[in-house]
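Hi there,

Here is the structure I promised to pass on. Please have a look at it alongside my notes below.

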Amino acid sequence: MISLYRQGDSLVHRLPAGAKLAGLALCALVLTLLPPHPLVVAGALGATVVLFPLGGQSLRTLVRELWRLRWLLLVLGVMLALFVSPLAAWIGAGRVAALLLLAALVTMTTRMSDLLAVLQALLRPLRRFSVEPEAVALTLSLTLTMVPVVAAFANRLREAERARGVRLGPRAAVPLLVLTLRHADRVGDALAARGVA
């Protein structure tokens with residue numbers, strides 16, 4: 001669910017990063033605390049559809065983000081439908097879809113540096129408990145940037161499989177792990193050379 005920042009001058013782009021994160025947290029709180037009702041979920045999804053164009057993103061982008069969530073929503077929906085009810089499946093999957101789509105919109109319209117600056121400001125009062133906001137922000141930044149890197153490694157392995165006409169299946173996890181560990185070593189060496197680690 002890591003979406004790269006997309007340059008723009010939309011209404012959502014111009015909002016401060018702190019306001020966007022606070023809005024996302026408020027939406028999550030409201031969707032969690034409000035009574036589970038299908039109209040609430042429909043309203044949340046409708047608001048998300050409206051917010052994407054306000055954020056300078058096309059409805060095609062919204063559909064693409066929804067398509068990325070398909071397996072998560074499908075598994076969640078099927079499990080809830082089987083063990084609770086179809087209505088619970090709609091409410092549960094709808095809540096998750098709305099929140100994850102809103103989170104994707106925040107990452108598309110906010111630079112990572114701005115998000116990390118907000119995180120540092122929020123963690124600053126924890127200095128008295130020996131928490132270093134800069135270290136936490138750096139750790140989070142490295143974690144988030146690793147997601148697309150690992151996805152690129154997985155794509156490279158799939159292309160290599162197709163080129164050789166083989167199918168590794170679960171065994172593909174081994175070369176993926178090797179590539180990821182090598183990249184982590186290079187990142188660690190770069191941080192050490194800069195005196196960070």
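Here is what I found in it.

This is a predicted model, where local features need pLDDT of at least 70, side-chain atom pairs count only at pLDDT 80 or more, and totals for chains, interfaces and linings use all residues. Residues are numbered from 1 along each chain as its sequence is written, and side-chain values use heavy atoms, leaving out hydrogens and water.

The protein has nine helices and zero strands; both are DSSP runs numbered from the N terminus (helices H or I, at least four residues; strands E, at least two). Its C-alpha atoms fill a box of roughly 55 × 55 × 35 Å along the principal axes. Of its 197 residues, 26% are buried, meaning under 20% relative accessible area, with exposed over 50% and partly exposed in between (1.4 Å probe, protein chains only).

UniProt, in an unreviewed entry, places a "transmembrane region" at residues 70–91 and 135–154; such positions are given in the numbering used here, feature names are shortened, and annotations may be inferred rather than shown by experiment. Residues 70–91 are 91% helix and 0% strand, with end C-alpha atoms 16 Å apart.

Val84 sits in the loop between helix H5 (70–83) and helix H6 (86–109). Val84 counts as exposed because its relative accessibility is 57%.

His183, by contrast, belongs to helix H9 (residues 173–193) and is buried, at a relative accessible area of 18%. Beyond its neighbours within four places in sequence, His183 is in contact with Met146, Val149 and Phe153, where contact means heavy atoms within 4.5 Å.

Best wishes
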